[in-house]
Amino acid sequence: MPDPMPFQNVKLERRRATTRYSSRINPAALLKAAKVELGDASGRQEQFKIFCLALLCGLRKREIDALLWRSVDFGKAVIRIERTEYFQPKSEESASEIDLAHELINIFHKFHSAATG
């Protein structure tokens, strides 16, 4: 090895703290609170449905607003984000299927059976 080492006196910059988002959200606690506050409250089931679609499925506001019941496939346990008369995905990659957990299927099945439109 050469003496002195070629970069021996070169000072490196300090690493900057990451600017990446780091969530401090506890989704289990939020879901539990939402079930209590919205899930069984008269007239607040729509808000609970929106909450579930956003937190548990990752849907955006526009996707939630324009979602149709025909986009929910209970047999395959998926929600299809697809082009409809009310919604057009930003790109073909935005159109996709989102897997639904068994518990969420049960929740949405109750909403669907009570749906009028």
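**Salt bridges and a helix pair**

Tutor: Start with E37, which is partly exposed at a relative accessible area of 49%. Here buried means under 20% relative accessible area, exposed over 50%, and partly exposed in between, using a 1.4 Å probe and protein chains only. Keep in mind that this is a predicted model, where local features need pLDDT of at least 70, side-chain atom pairs count only at pLDDT 80 or more, and totals for chains, interfaces and linings use all residues. Residues are numbered from 1 along each chain as its sequence is written, and side-chain values use heavy atoms, with hydrogens and water left out.

Student: Which side chain does E37 meet in a salt bridge?
Tutor: General idea first: a salt bridge is a side-chain nitrogen of Lys or Arg within 4 Å of a carboxyl oxygen of Asp or Glu. In this case E37 pairs with R44, at 4.0 Å from N to O. R44 is partly exposed, with a relative accessible area of 31%.

Student: How many salt bridges are there by this rule?
Tutor: The count is eight. Another one joins R70 and E85, with the closest N and O atoms 2.6 Å apart. R70 sits in the loop between α3 (61-65) and β1 (72-73), and E85 in the loop between β2 (78-81) and β3 (96-99), so the pair ties together parts that are 15 residues apart in sequence. Those labels come from DSSP runs numbered from the N terminus: helices are H or I with at least four residues, strands E with at least two. R70 is exposed at 53%, and E85 is exposed at 55%.

Student: Which residues are linked in a network of salt bridges?
Tutor: D73, K76, R80 and E97. Within it, E97 and R80 meet at 3.1 Å, N to O. E97 is in strand β3 and R80 in strand β2, 17 residues apart, so to speak a link between distant parts of the chain.

Student: What describes two packed helices?
Tutor: The angle between their axes and the distance between the axes. For α2 (residues 45-55) and α4 (residues 102-114), the axes come within 11 Å and cross at roughly 145°. Axes are lines fitted to C-alpha atoms, for helices over the stretch in contact, and angles run from 0 to 180 degrees between N-to-C directions.

Student: Which residues of α2 and α4 make the contact?
Tutor: Contact means heavy atoms within 4.5 Å. From α2 come Q45, F48, K49, C52 and L53, and from α4 come L104, I107, F108 and F111.
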